[in-house]
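Subject: Handover of a protein structure

Dear colleague,

Please find below the structure that I am passing on to you. I would be grateful if you could look through it before reading the notes that come after it.

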Amino acid sequence: MEKSFVYGIAVTDYNFTGRTEETRRLKSNFIAGINSVLISPRRYGKTSLVDHVCRNLDREDIIIVRLDIFGCKTEYEFYNALAVAVLKQTASKLQLWMEEARDFLVRLTPKIGIPVDPVSEISVSLGITPETHSPEEVLNMVEVIAKRKNRHIVVCIDEFQQVGEFENTKQVQARLRSAWQHHHYTSYCLYGSKRHMMSNIFLNRSMPFYQFGDLLWLQKIPTCDWMDYIINHFEAEGKHVSQQIVERICEVVDNYPSYVQHLSSILLNHLPQGGSVTDDMMSSAISELISTNEALYMQQVEPLSAYQMNLLKAIVSGIHSGYNEKRVRSMFDLGSPSNLVRLRDALIERDLIYSEMRQLYLTDPVFGLWFRRRFL
């Protein structure tokens, strides 16, 4: 039996719910060769959505290449990760030398470990440097392979906001855009976990990736999509949860996908066989959810200044705009109006808040529950 209510990792089909329209749209983009950009807060299920689409694509004429560049700190670390992912996911063990890698690897002394176990993955280390390859050679390699195979390749890059951290990032982004916009056999799906950085890369008119592809701004999964999913998962374990409790689960965590799964998991694990979730159990589970994340939240607020903490207090208290008003500044001790921009930008940079329609909101709803209990 598969585990119910998975959180913190990409979920499989059994634990995947909702996202019907997003799945249809992303799948259509993959088939049509349209570039896609996914933006949302952390733990909204971007990786799960992309994995879900890839698993259900079932097209022999399309090859999917997936990589996570969270660990890439420089431009050429990214090129190495990209090249390795392309070679490993487009070639068989024998083809790796004979075909796809033949032209590209001629100036390298790569280390390729081919395991005896046919299930294990190939270990590849290329050591690409500015002396061995230009950025254009690396970036165009996937297009060359796609043409050679006469198949379309979709390159899915997770944590793409890391590109925004590279030295001379605007020039790096310009190089990527310049190469990728001319690819006809290859398309790209770019997504990341830091919304403000992804927004700056793709929504800023002055940046190279502005209007690069179809932008999918992931929203919360509505309660109606959680209802049968949660009830059925409880029933599969011989336990019961009412519609009213499911509505409360979603309401408490503001329909935040990862927290809906986490809170449901706590309730399921504490419920005896044949039992039903009660209001008292809900209160206890919410406290456990907050407690589980307390160390992370403490780490997030420790570096904050008194003024930054005061702005968080205002937001958690339900004030989302009007911070320049004397009454609000005085009530929460926010300092001078000129200080507010710095406070806002600092909290956005730390991914604690986000701005929408000139109003400020917490990024993490459970952080808000914890903050209210601890500081208000």
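The notes below go from the whole protein to single residues.

This is a predicted model, in which local features need pLDDT of at least 70 and side-chain atom pairs count only at pLDDT 80 or more, whereas totals for chains, interfaces and linings use all residues. Residues are numbered from 1 along each chain as its sequence is written, and side-chain values use heavy atoms, with hydrogens and water left out.

Overall picture

The protein has 16 helices and 9 strands; these are DSSP runs numbered from the N terminus, with helices being H or I of at least four residues and strands being E of at least two. Its C-alpha trace spans about 65 × 60 × 35 Å along the principal axes. Of the 376 residues, 50% count as buried, where buried means under 20% relative accessible area, exposed means over 50%, and partly exposed lies in between (1.4 Å probe, protein chains only).

The exposed surface comes to about 18,200 Å², and carbon and sulfur atoms supply 50% of it. Accessible areas come from the Shrake-Rupley method with a 1.4 Å probe, and for residues only the protein chains shown count as cover. Taking contacts between residues at least 6 apart in sequence, 73% join residues at least 24 apart; a contact means heavy atoms within 4.5 Å.

Buried residues and their contacts

L263 belongs to helix α10 and is buried, at 0% relative accessibility. Setting aside residues up to four places away in sequence, L263 touches I249, V252, V253, M282, A285, I286 and L289. One of these, I286, is 23 residues away along the chain, with 7.0 Å between the two C-alpha atoms.

V154, in strand β5, also has a relative accessible area of 0% and is buried. Beyond its neighbours within four places in sequence, V154 contacts F30, I62, I63, I64, V65 and S187. F30 is 124 residues from V154 in sequence, yet their C-alpha atoms are 6.6 Å apart.

N35 sits in the loop between α1 (20-32) and β1 (36-39) and counts as buried at 14% relative accessibility. By C-alpha positions, N35 and W370 are 39 Å apart in space and 335 residues apart in sequence.

Backbone points in two loops

E159 is not a glycine, although its phi is positive, at about 60 degrees. This residue, E159, lies in the loop between β5 (152-158) and α6 (169-180), and at 13% relative accessibility E159 is buried.

D254 likewise has a positive phi, of about 55 degrees, without being a glycine. The loop that holds D254 runs between α9 (243-252) and α10 (257-270). D254 is partly exposed, with a relative accessible area of 36%.

The structure holds 1 cavity of 30 Å³ or more. A cavity is a set of points, on a 1 Å grid over the protein atoms alone, where a 1.4 Å probe fits but cannot get out, and its lining residues have an atom within 4 Å of a point. The largest cavity contains about 30 Å³ of space, the volume being that filled by probe spheres set on grid points joined across faces, edges and corners. Its lining is formed by R42, Q300, D351, L352, T363, D364 and F367.

With kind regards

Definitions and conventions: On a 1 Å grid over the protein atoms alone, a cavity is a set of points where a 1.4 Å probe fits but cannot get out, and a pocket is an open set with protein on both sides within 12 Å along at least five of seven lines; lining residues have an atom within 4 Å of a point.
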